[in-house]
Amino acid sequence: MSKDNIQDIVKKSLEKYFKDLGEQQPSNVYEMVVFTVEKPILEAVMARAEGNQSQAAEMLGMNRNTLRKELQQHGLL
């Protein structure tokens with residue numbers, strides 16, 4: 001799957017979300033999307049790194065301590 005495909009999926013999902021809201025005003029959309037996609041990203045990268053947090057952090061381009069914080073926030077530790 002290419003980056004463009006992922007962007008299309010996110011865009012279509014948001015369009016459906018807004019349509020489903022109808023007249024209701026959306027709020028915290030950015031936070032909702034980031035939190036929603038973050039867990040599967042972490043799960044996939046940790047699987048690819050075979051549980052090695054240092055390697056996963058490098059793959060994600062983040063500090064290992066930040067990765068640990070995110071893993072804990074999503075109940076993955």
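Predicted model: local features only at pLDDT ≥ 70, side-chain atom pairs only at ≥ 80, totals over all residues.
Start with the secondary structure. The chain has four helices and zero strands, and in sequence order its pattern reads α-α-α-α. The radius of gyration of the chain is 15 Å, whereas the globule rule gives 11 Å for 77 residues; the value is well over the rule, so the chain is more spread out than a compact globule. A box drawn along the principal axes to hold the C-alpha atoms would be roughly 45 × 25 × 15 Å.

Two further values describe the chain as a whole. Of its 77 residues, 17% count as buried. Among the contacts with a separation of 6 or more, 29% are between residues 24 or more positions apart.

Now turn to a single pair of helices. Two packed helices are described by the angle between their axes and by the distance between those axes. Helix α1 covers residues 3-21 and helix α2 covers residues 29-48. Their axes come within 13 Å and cross at roughly 130 degrees. The crossing of α1 past α2 is right-handed.

Which residues of α1 and α2 meet? From α1 come V10, L14, Y17 and F18, and from α2 come V29, M32 and V33. Sorted by type, the residues of this contact are seven nonpolar, no polar and no charged.

Methods. Residues numbered from 1 in each chain as written. Heavy atoms only, no water. Axes fitted to C-alpha atoms, helices over the stretch in contact; angles between N-to-C directions. Helix = DSSP H or I, 4+ residues; strand = E, 2+ residues; numbered from the N terminus. Left-handed = near helix turned anticlockwise from the far one by under 90°. Contact = heavy atoms within 4.5 Å. Nonpolar A, V, L, I, M, F, W, Y, C, P; charged D, E, K, R; others polar. Rg over C-alpha atoms; globule rule 2.2 N^0.38 Å. Buried < 20%, exposed > 50% of the residue type's maximum accessible area, 1.4 Å probe, protein only.
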